[in-house]
Amino acid sequence: MKCEEAALILLDGDSEPALTAHLAGCAECRALADDLARIERAAADLPREVQPTRDLFPGIAARIRPRTSRWAPARWLVAAAMLVGVTSWTTARVLRPDPAPTAEIAWDAQMRAASAELRGALEARRADLDPATLATVEQNLAVIDDAIAETRAALDADPEDRRLRQALDRANEQKISLLRRALALDRSGLE
Amino acid sequence: MHAHARIPSPSPSAPVADVRALVDRAAAGDLTAFEVIYRMHVGRVHAVSLRMAGDPSAADDLTQEVFVRAWEQLGSWRGDAAFATWLHRLAVNVILGDRRATGRRLARVEPMDDIEGESAPTAVDPGIDLERALGTLPIKARQVFVLSQIEGLDHAEIADAMGTSVGTAKSQLHRARDLLRRFLS
(Lines give C-alpha, C1' and ligand atoms only; values in the text may rest on other atoms or scores of the structure.)
Protein backbone atom coordinates (compact mmCIF):
# COMPACT_ATOMS: atom_id res chain seq x y z
CA MET A 1 0.00 0.00 0.00
CA LYS A 2 1.24 3.49 -0.87
CA CYS A 3 1.15 6.37 1.59
CA GLU A 4 -1.45 8.23 -0.50
CA GLU A 5 -3.82 5.28 -0.28
CA ALA A 6 -3.19 4.89 3.42
CA ALA A 7 -3.93 8.57 4.01
CA LEU A 8 -7.22 8.29 2.16
CA ILE A 9 -8.32 5.34 4.27
CA LEU A 10 -7.26 7.06 7.48
CA LEU A 11 -9.02 10.31 6.66
CA ASP A 12 -12.15 8.37 5.75
CA GLY A 13 -12.00 6.83 9.19
CA ASP A 14 -11.85 3.34 7.77
CA SER A 15 -9.60 0.47 8.67
CA GLU A 16 -8.33 -2.60 6.89
CA PRO A 17 -5.53 -5.14 7.37
CA ALA A 18 -3.34 -3.71 4.62
CA LEU A 19 -3.46 -0.34 6.35
CA THR A 20 -2.35 -1.85 9.63
CA ALA A 21 0.59 -3.45 7.91
CA HIS A 22 1.50 -0.18 6.20
CA LEU A 23 1.36 1.77 9.43
CA ALA A 24 3.71 -0.67 11.09
CA GLY A 25 6.41 0.30 8.63
CA CYS A 26 5.65 3.97 7.89
CA ALA A 27 6.31 6.60 10.52
CA GLU A 28 4.72 9.40 8.50
CA CYS A 29 1.40 7.62 8.12
CA ARG A 30 1.56 6.49 11.73
CA ALA A 31 1.85 10.13 12.73
CA LEU A 32 -1.23 10.93 10.67
CA ALA A 33 -3.10 8.07 12.34
CA ASP A 34 -2.05 9.32 15.77
CA ASP A 35 -3.16 12.85 14.98
CA LEU A 36 -6.55 11.69 13.79
CA ALA A 37 -6.94 9.54 16.88
CA ARG A 38 -6.20 12.60 19.03
CA ILE A 39 -8.83 14.58 17.18
CA GLU A 40 -11.36 11.79 17.68
CA ARG A 41 -10.59 11.66 21.38
CA ALA A 42 -10.88 15.43 21.66
CA ALA A 43 -14.25 15.29 19.91
CA ALA A 44 -15.45 12.54 22.24
CA ASP A 45 -14.29 14.55 25.26
CA LEU A 46 -16.15 17.73 24.34
CA PRO A 47 -18.87 18.57 26.85
CA ARG A 48 -22.28 17.32 25.79
CA GLU A 49 -23.91 20.40 27.19
CA VAL A 50 -22.98 24.03 26.68
CA GLN A 51 -25.15 26.59 28.40
CA PRO A 52 -25.91 29.78 26.48
CA THR A 53 -24.28 32.87 27.91
CA ARG A 54 -27.66 34.50 28.47
CA ASP A 55 -31.10 33.28 29.39
CA LEU A 56 -32.85 32.54 26.10
CA PHE A 57 -36.20 31.57 27.55
CA PRO A 58 -37.74 35.07 27.73
CA GLY A 59 -37.14 35.40 23.99
CA ILE A 60 -38.69 32.00 23.39
CA ALA A 61 -41.69 32.78 25.58
CA ALA A 62 -42.22 35.99 23.66
CA ARG A 63 -42.32 34.13 20.36
CA ILE A 64 -44.46 31.14 21.12
CA ARG A 65 -48.15 31.36 20.61
CA PRO A 66 -50.53 30.56 23.42
CA ARG A 67 -52.53 27.41 22.88
CA THR A 68 -55.66 28.80 24.46
CA SER A 69 -58.30 30.53 22.39
CA ARG A 70 -58.49 33.50 24.73
CA TRP A 71 -57.79 36.91 23.33
CA ALA A 72 -54.77 38.81 24.38
CA PRO A 73 -55.55 42.39 25.33
CA ALA A 74 -55.94 44.74 22.41
CA ARG A 75 -52.94 46.73 23.61
CA TRP A 76 -50.78 43.66 23.14
CA LEU A 77 -52.02 43.26 19.60
CA VAL A 78 -51.17 46.81 18.74
CA ALA A 79 -47.74 46.51 20.34
CA ALA A 80 -47.02 43.26 18.54
CA ALA A 81 -48.07 44.65 15.21
CA MET A 82 -46.00 47.77 15.75
CA LEU A 83 -43.04 45.65 16.69
CA VAL A 84 -43.33 43.76 13.44
CA GLY A 85 -43.42 47.03 11.57
CA VAL A 86 -40.38 48.43 13.32
CA THR A 87 -38.45 45.20 12.95
CA SER A 88 -39.23 44.96 9.28
CA TRP A 89 -38.39 48.58 8.66
CA THR A 90 -35.09 48.17 10.43
CA THR A 91 -34.12 44.97 8.70
CA ALA A 92 -35.12 46.25 5.29
CA ARG A 93 -32.03 48.42 5.16
CA VAL A 94 -29.71 45.97 3.49
CA LEU A 95 -30.34 45.33 -0.16
CA ARG A 96 -28.67 42.83 -2.47
CA PRO A 97 -30.07 41.23 -5.64
CA ASP A 98 -30.33 37.44 -5.72
CA PRO A 99 -32.96 34.90 -6.72
CA ALA A 100 -35.25 33.73 -3.88
CA PRO A 101 -35.01 30.08 -2.84
CA THR A 102 -37.89 28.04 -4.24
CA ALA A 103 -38.88 26.51 -0.91
CA GLU A 104 -39.10 29.93 0.74
CA ILE A 105 -41.24 31.25 -2.07
CA ALA A 106 -43.53 28.23 -1.76
CA TRP A 107 -43.82 28.73 2.00
CA ASP A 108 -44.59 32.41 1.60
CA ALA A 109 -47.23 31.52 -0.99
CA GLN A 110 -48.81 29.09 1.46
CA MET A 111 -48.88 31.77 4.12
CA ARG A 112 -50.46 34.19 1.67
CA ALA A 113 -53.08 31.63 0.74
CA ALA A 114 -53.86 30.88 4.38
CA SER A 115 -54.15 34.58 5.14
CA ALA A 116 -56.40 35.15 2.15
CA GLU A 117 -58.66 32.30 3.17
CA LEU A 118 -58.95 33.56 6.73
CA ARG A 119 -59.47 37.09 5.51
CA GLY A 120 -62.34 35.88 3.35
CA ALA A 121 -63.85 34.10 6.29
CA LEU A 122 -63.54 37.24 8.38
CA GLU A 123 -65.27 39.30 5.72
CA ALA A 124 -68.11 36.78 5.71
CA ARG A 125 -68.48 37.21 9.47
CA ARG A 126 -68.07 40.95 9.51
CA ALA A 127 -71.68 41.57 10.45
CA ASP A 128 -71.35 39.32 13.49
CA LEU A 129 -68.47 41.23 15.01
CA ASP A 130 -68.51 44.15 17.34
CA PRO A 131 -67.65 47.28 15.30
CA ALA A 132 -65.07 48.51 17.80
CA THR A 133 -63.41 45.12 17.85
CA LEU A 134 -63.45 44.96 14.10
CA ALA A 135 -61.82 48.38 13.93
CA THR A 136 -59.03 47.22 16.23
CA VAL A 137 -58.52 44.10 14.17
CA GLU A 138 -58.42 46.09 10.94
CA GLN A 139 -55.99 48.58 12.43
CA ASN A 140 -53.63 45.80 13.43
CA LEU A 141 -54.01 44.00 10.15
CA ALA A 142 -53.05 47.17 8.34
CA VAL A 143 -49.87 47.53 10.39
CA ILE A 144 -48.96 43.89 9.84
CA ASP A 145 -49.72 44.12 6.13
CA ASP A 146 -47.44 47.14 5.83
CA ALA A 147 -44.71 45.22 7.61
CA ILE A 148 -45.20 42.22 5.34
CA ALA A 149 -45.08 44.37 2.22
CA GLU A 150 -41.89 46.10 3.34
CA THR A 151 -40.24 42.86 4.28
CA ARG A 152 -41.19 41.17 1.02
CA ALA A 153 -39.74 44.08 -0.92
CA ALA A 154 -36.51 43.83 1.03
CA LEU A 155 -36.42 40.08 0.53
CA ASP A 156 -36.82 40.51 -3.20
CA ALA A 157 -33.57 42.42 -3.09
CA ASP A 158 -31.87 40.13 -0.58
CA PRO A 159 -33.42 36.65 -0.61
CA GLU A 160 -30.63 35.20 1.52
CA ASP A 161 -31.13 37.51 4.49
CA ARG A 162 -32.30 35.22 7.28
CA ARG A 163 -33.45 38.05 9.52
CA LEU A 164 -35.70 39.37 6.81
CA ARG A 165 -37.05 35.86 6.27
CA GLN A 166 -37.66 35.47 9.98
CA ALA A 167 -39.34 38.87 10.12
CA LEU A 168 -41.60 37.87 7.25
CA ASP A 169 -42.43 34.53 8.86
CA ARG A 170 -43.25 36.21 12.15
CA ALA A 171 -45.39 38.81 10.46
CA ASN A 172 -47.25 36.15 8.49
CA GLU A 173 -47.77 34.11 11.62
CA GLN A 174 -49.04 37.11 13.52
CA LYS A 175 -51.44 37.95 10.74
CA ILE A 176 -52.80 34.43 10.65
CA SER A 177 -53.02 34.32 14.43
CA LEU A 178 -54.85 37.65 14.47
CA LEU A 179 -57.31 36.52 11.82
CA ARG A 180 -57.95 33.24 13.61
CA ARG A 181 -58.60 35.02 16.86
CA ALA A 182 -60.88 37.49 15.18
CA LEU A 183 -62.86 34.62 13.69
CA ALA A 184 -63.22 33.10 17.15
CA LEU A 185 -64.82 36.29 18.46
CA ASP A 186 -68.41 37.08 18.91
CA ARG A 187 -69.94 40.47 19.45
CA SER A 188 -68.56 40.60 22.98
CA GLY A 189 -65.34 41.76 21.39
CA LEU A 190 -61.87 41.95 22.82
CA GLU A 191 -61.12 41.34 26.44
CA MET B 1 -48.18 37.57 28.28
CA HIS B 2 -45.99 35.25 30.22
CA ALA B 3 -44.69 36.75 33.41
CA HIS B 4 -41.21 35.39 33.35
CA ALA B 5 -39.65 34.08 36.51
CA ARG B 6 -36.60 31.90 36.20
CA ILE B 7 -37.31 28.31 37.09
CA PRO B 8 -34.54 26.13 38.53
CA SER B 9 -33.27 23.42 36.23
CA PRO B 10 -34.51 19.98 37.22
CA SER B 11 -32.39 16.89 36.87
CA PRO B 12 -31.82 15.92 33.22
CA SER B 13 -32.40 12.33 34.30
CA ALA B 14 -35.94 12.98 35.41
CA PRO B 15 -38.12 9.85 35.38
CA VAL B 16 -39.86 9.12 32.09
CA ALA B 17 -43.28 9.56 33.68
CA ASP B 18 -42.26 13.03 34.84
CA VAL B 19 -41.09 13.95 31.36
CA ARG B 20 -44.33 12.63 29.88
CA ALA B 21 -46.35 14.67 32.34
CA LEU B 22 -44.31 17.78 31.64
CA VAL B 23 -44.67 17.38 27.89
CA ASP B 24 -48.39 16.77 28.23
CA ARG B 25 -48.79 19.88 30.33
CA ALA B 26 -46.72 21.95 27.92
CA ALA B 27 -48.60 20.55 24.94
CA ALA B 28 -51.80 21.68 26.63
CA GLY B 29 -50.44 25.21 26.88
CA ASP B 30 -48.64 25.25 30.23
CA LEU B 31 -45.71 27.59 29.64
CA THR B 32 -44.24 26.90 33.06
CA ALA B 33 -43.97 23.22 32.22
CA PHE B 34 -42.36 24.15 28.95
CA GLU B 35 -39.82 26.29 30.76
CA VAL B 36 -38.90 23.30 32.89
CA ILE B 37 -38.40 21.28 29.71
CA TYR B 38 -36.32 24.10 28.27
CA ARG B 39 -34.04 24.23 31.29
CA MET B 40 -33.62 20.48 31.25
CA HIS B 41 -32.47 20.41 27.64
CA VAL B 42 -31.12 23.81 26.68
CA GLY B 43 -27.50 22.88 27.33
CA ARG B 44 -27.65 19.94 24.98
CA VAL B 45 -29.48 21.84 22.26
CA HIS B 46 -27.22 24.84 22.56
CA ALA B 47 -24.10 22.68 22.31
CA VAL B 48 -25.27 21.27 19.00
CA SER B 49 -26.34 24.70 17.76
CA LEU B 50 -23.06 26.29 18.70
CA ARG B 51 -20.92 23.64 17.08
CA MET B 52 -23.02 23.35 13.95
CA ALA B 53 -23.34 27.11 13.41
CA GLY B 54 -19.86 28.02 14.60
CA ASP B 55 -21.10 31.40 15.75
CA PRO B 56 -22.38 32.22 19.28
CA SER B 57 -24.96 34.74 18.14
CA ALA B 58 -26.36 32.43 15.50
CA ALA B 59 -26.31 29.60 18.05
CA ASP B 60 -28.50 31.62 20.41
CA ASP B 61 -30.96 32.28 17.59
CA LEU B 62 -30.95 28.64 16.57
CA THR B 63 -31.47 27.43 20.12
CA GLN B 64 -34.45 29.71 20.47
CA GLU B 65 -35.79 28.55 17.13
CA VAL B 66 -35.47 24.90 18.19
CA PHE B 67 -37.54 25.50 21.31
CA VAL B 68 -40.14 27.54 19.47
CA ARG B 69 -40.52 24.65 17.03
CA ALA B 70 -40.55 22.19 19.92
CA TRP B 71 -43.43 24.11 21.50
CA GLU B 72 -45.32 23.95 18.23
CA GLN B 73 -44.64 20.25 17.72
CA LEU B 74 -44.79 18.86 21.25
CA GLY B 75 -47.95 17.00 20.40
CA SER B 76 -46.08 14.93 17.82
CA TRP B 77 -43.87 13.31 20.46
CA ARG B 78 -45.48 9.94 21.01
CA GLY B 79 -43.06 8.63 23.56
CA ASP B 80 -41.71 5.91 21.28
CA ALA B 81 -38.29 7.54 21.51
CA ALA B 82 -36.82 9.33 24.49
CA PHE B 83 -37.89 12.95 24.58
CA ALA B 84 -34.24 14.04 24.53
CA THR B 85 -33.75 12.03 21.33
CA TRP B 86 -36.85 13.55 19.76
CA LEU B 87 -35.68 17.03 20.68
CA HIS B 88 -32.16 16.37 19.45
CA ARG B 89 -33.48 15.19 16.11
CA LEU B 90 -35.67 18.28 15.88
CA ALA B 91 -32.67 20.46 16.73
CA VAL B 92 -30.55 18.93 13.99
CA ASN B 93 -33.34 19.39 11.47
CA VAL B 94 -33.90 23.00 12.48
CA ILE B 95 -30.20 23.79 12.41
CA LEU B 96 -29.62 22.13 9.06
CA GLY B 97 -32.71 23.74 7.60
CA ASP B 98 -31.89 27.20 8.77
CA ARG B 99 -30.34 29.54 6.29
CA ARG B 100 -28.10 31.09 8.90
CA ALA B 101 -26.11 27.88 8.86
CA THR B 102 -25.50 28.21 5.14
CA GLY B 103 -26.26 31.82 4.37
CA ARG B 104 -23.89 34.58 3.53
CA ARG B 105 -23.79 35.86 7.11
CA LEU B 106 -21.80 32.80 8.03
CA ALA B 107 -20.20 32.34 4.65
CA ARG B 108 -17.10 33.83 6.08
CA VAL B 109 -13.65 33.27 4.80
CA GLU B 110 -12.87 29.61 4.65
CA PRO B 111 -9.18 29.76 5.34
CA MET B 112 -8.85 26.02 5.50
CA ASP B 113 -9.54 25.71 1.79
CA ASP B 114 -6.44 27.63 1.00
CA ILE B 115 -3.97 25.38 2.69
CA GLU B 116 -4.76 22.20 0.84
CA GLY B 117 -1.73 21.12 -1.07
CA GLU B 118 0.69 22.73 1.33
CA SER B 119 3.48 20.74 2.85
CA ALA B 120 2.58 18.01 5.31
CA PRO B 121 1.88 19.34 8.81
CA THR B 122 3.76 18.42 11.89
CA ALA B 123 2.13 16.48 14.72
CA VAL B 124 -1.07 17.69 16.37
CA ASP B 125 -0.59 19.35 19.74
CA PRO B 126 -1.90 16.96 22.43
CA GLY B 127 -3.81 19.80 24.13
CA ILE B 128 -5.84 20.72 21.09
CA ASP B 129 -8.56 23.36 21.09
CA LEU B 130 -11.06 21.50 19.00
CA GLU B 131 -13.89 23.97 19.62
CA ARG B 132 -11.84 26.77 18.09
CA ALA B 133 -10.67 24.55 15.27
CA LEU B 134 -14.25 23.58 14.44
CA GLY B 135 -15.07 27.24 14.02
CA THR B 136 -12.59 27.49 11.17
CA LEU B 137 -14.06 24.66 9.12
CA PRO B 138 -16.20 25.26 6.06
CA ILE B 139 -19.84 24.97 7.04
CA LYS B 140 -20.69 21.61 5.46
CA ALA B 141 -17.52 19.96 6.65
CA ARG B 142 -18.13 21.27 10.15
CA GLN B 143 -21.71 20.06 10.22
CA VAL B 144 -20.75 16.59 9.07
CA PHE B 145 -17.88 16.41 11.55
CA VAL B 146 -20.11 17.48 14.44
CA LEU B 147 -22.84 15.04 13.51
CA SER B 148 -20.41 12.19 13.00
CA GLN B 149 -17.65 12.60 15.56
CA ILE B 150 -19.53 14.40 18.33
CA GLU B 151 -23.18 13.48 17.90
CA GLY B 152 -22.47 9.92 16.84
CA LEU B 153 -24.60 9.73 13.68
CA ASP B 154 -23.49 7.30 10.98
CA HIS B 155 -22.98 8.27 7.35
CA ALA B 156 -26.49 7.21 6.31
CA GLU B 157 -28.11 9.20 9.13
CA ILE B 158 -26.05 12.26 8.27
CA ALA B 159 -26.86 11.96 4.59
CA ASP B 160 -30.55 11.66 5.43
CA ALA B 161 -30.50 14.64 7.81
CA MET B 162 -28.60 16.81 5.37
CA GLY B 163 -30.49 15.71 2.30
CA THR B 164 -27.38 14.55 0.57
CA SER B 165 -25.73 11.29 -0.47
CA VAL B 166 -23.71 8.98 1.74
CA GLY B 167 -20.75 9.56 -0.56
CA THR B 168 -20.97 13.31 -0.07
CA ALA B 169 -21.25 12.93 3.67
CA LYS B 170 -18.16 10.72 3.72
CA SER B 171 -16.32 13.14 1.51
CA GLN B 172 -17.12 16.06 3.82
CA LEU B 173 -16.00 14.10 6.85
CA HIS B 174 -12.77 13.24 5.10
CA ARG B 175 -12.27 16.90 4.31
CA ALA B 176 -13.07 17.99 7.86
CA ARG B 177 -10.62 15.55 9.39
CA ASP B 178 -7.91 16.61 6.98
CA LEU B 179 -8.49 20.31 7.59
CA LEU B 180 -8.66 19.89 11.34
CA ARG B 181 -5.40 18.03 11.39
CA ARG B 182 -3.74 20.72 9.32
CA PHE B 183 -5.18 23.48 11.48
CA LEU B 184 -4.22 21.84 14.73
CA SER B 185 -0.72 20.95 13.66
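Two residues are in contact when heavy atoms lie within 4.5 Å.

The structure shown is a predicted model, in which local features need pLDDT of at least 70, side-chain atom pairs count only at pLDDT 80 or more, and totals for chains, interfaces and linings use all residues. Residues are numbered from 1 along each chain as written, chains are lettered from A and ligands numbered from 1 in order of writing, and side-chain values use heavy atoms, leaving out hydrogens and water.

Let me begin with chain A. Its secondary structure consists of eight helices and zero strands (DSSP runs numbered from the N terminus: H or I of at least four residues for helices, E of at least two for strands). Along the sequence the pattern is therefore α-α-α-α-α-α-α-α. Chain A has 191 residues, and 41% of them are buried (under 20% relative accessible area with a 1.4 Å probe, protein chains only; exposed is over 50%, partly exposed in between). Of the contacts in chain A between residues at least 6 apart in sequence, 72% link residues at least 24 apart.

Chain B also has eight helices and zero strands, and its elements run α-α-α-α-α-α-α-α from the N terminus on. Of its 185 residues, 51% are buried. When contacts in chain B with a separation of 6 or more are considered, 71% involve residues 24 or more positions apart.

I turn now to helix packing in chain A. The axes of helix α1 (residues 3-12) and helix α3 (residues 27-45) of chain A come within 10 Å and cross at roughly 10° (axes are lines fitted to C-alpha atoms over the stretch in contact, with angles from 0 to 180 degrees between N-to-C directions). α1(A) and α3(A) are therefore roughly parallel (under 35 degrees; over 145 is roughly antiparallel, 65 to 115 roughly perpendicular, the rest oblique). On the α1(A) side the contact uses C3(A), A6(A), A7(A), L10(A) and L11(A), and on the α3(A) side C29(A), L32(A), A33(A) and L36(A).

What covers the buried residues of α3(A)? Those buried residues are C29(A), L32(A), A33(A), D35(A), L36(A), I39(A), A42(A) and A43(A). Their cover includes α1 and α2 (17-25) of chain A, together with α5 (130-134), α6 (139-150) and α8 (166-184) of chain B.

Helix α8 (residues 162-183) of chain A has 22 residues, which should span 32 Å; its end C-alpha atoms are 31 Å apart, in agreement. Of these 22 residues, 17 are buried, so α8(A) is largely enclosed by the rest of the structure.

Two individual residues complete the picture. R54(A) is located in the loop between α3 and α4 (57-63) of chain A. At 42% relative accessibility, R54(A) counts as partly exposed. Which residues does R54(A) contact, leaving aside its neighbours within four places in sequence? They are D60(B) and Q64(B).

A84(B), in turn, belongs to helix α4 (residues 83-97) of chain B. This residue is partly exposed, with a relative accessible area of 41%. From A84(B) to M40(B), the separation is 44 residues in sequence and 9.3 Å in space, C-alpha to C-alpha.

Technical notes: The expected span of a helix is 1.5 Å times one less than its number of residues.
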